[in-house]
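Please look at the sequence and the structure before reading on.

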Amino acid sequence: MGNFSHLRQIALTLLAQPALSGILYLAGGALPWILSGEDSQRDHGDLNFVVEGRDLPVVRRCLCAAGHYRPELDSLSLPCNHRQEDYGLEAVIDGLPVNFAPFTVENEGISQRNFTLAALAGFDALLLSRMEPMSKADYVTVYPLPGGGVLPALRLEVVQAAKEHSDREKD
């Protein structure tokens, strides 16, 4: 059996934190499973969130307060980040890597940033994806959860498009 219930609990706990409410959106391969309420029956390697770039300092403060912030997992600490632009950060929460990737809405499109770490992917890299035309409402939404509650998340269509273009086998 996988780690799905553990992953789900971490996701819902983060989304329920008052300081993070309304700024975090669940993303990635676990999203459809959490929305369906079904256990994926597999191990998920990580958990992914998107957050507007202007709100990343709030995320960092919350992670620091909870003891989850590690500078070496922050894009601002990467040697290749010469311009010191924010491409997000990773945290390890209860043994699970959790990624927080910033997006911005500008010029009738979405710019999504992320990064890789040599320690996790074999190389350091800063990544930028531009999607046009796209509004924030086209990118993120709030879904109802089975049994009540809501889940702020990347739109499923965006997750599907990203998975189809990733050339990765899982999900």
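Glutamate 106 has glycine 109, in strand 5, as its bridge partner. The model shown here is predicted. The points below begin with the hairpin around that pair, then turn to the other strands, the cysteines and the cores.

**Strand 4 and strand 5**
- Strand 4 and strand 5 (residues 109-116) run antiparallel and are joined by four bridges.
- The two strands form a hairpin with two residues between them.
- Asparagine 107 in this hairpin has a positive phi near 50 degrees.

**Strand 3 and strand 4**
- Strand 3 (residues 89-93) is also antiparallel to strand 4, with five bridges between them.
- In this pairing, valine 92 lies opposite proline 97 of strand 4.
- Strand 3 and strand 4 make a hairpin too, with two residues between the strands.
- Aspartate 94, in the turn, has a positive phi of about 50 degrees.

**Strand 2 and strand 4**
- Strand 2 (residues 47-52) pairs with strand 4 (residues 96-106) in the parallel sense, over six bridges.
- Asparagine 48 stands opposite asparagine 99 in strand 4.

**Cysteines**
- How many disulfides does a search of the whole structure find? The search finds zero.
- Cysteine 62 is in no disulfide, and the nearest cysteine sulfur, that of cysteine 64, is 9.4 Å away.
- For a disulfide, the two sulfur atoms would have to be within 2.5 Å.
- Cysteine 64 is likewise in no disulfide, with the sulfur of cysteine 62 as the nearest cysteine sulfur at 9.4 Å.
- Is cysteine 62 buried or exposed? Cysteine 62 counts as buried because its relative accessible area is 15%, which is under the 20% limit.
- Cysteine 64 has a relative accessibility of 45%, so it counts as partly exposed.

**Nonpolar cores**
- The largest nonpolar core has 43 residues, and Phe49, Phe100 and Tyr139 touch the most other members.
- Helix 1 (residues 4-16) gives this core its largest share, six residues.
- Which residues is phenylalanine 100 in contact with, leaving aside its neighbours within four places in sequence? They are Leu14, Leu24, Phe49, Leu56, Val59, Leu63, Gly88, Leu89 and Ala91.
- A second, separate core has five residues, among them Leu73, Leu78, Tyr87 and Leu117.

Notes: Residues are numbered from 1 along each chain as its sequence is written. This is a predicted model: local features need pLDDT of at least 70, side-chain atom pairs count only at pLDDT 80 or more; totals for chains, interfaces and linings use all residues. Side-chain values use heavy atoms; hydrogens and water are left out. Two strands pair if DSSP finds at least two bridges between them. Buried means under 20% relative accessible area, exposed over 50%, partly exposed in between (1.4 Å probe, protein chains only). A nonpolar core is a set of buried Ala, Val, Leu, Ile, Met, Phe, Trp, Tyr and Cys residues joined through side-chain atoms within 4.5 Å. Contact means heavy atoms within 4.5 Å.
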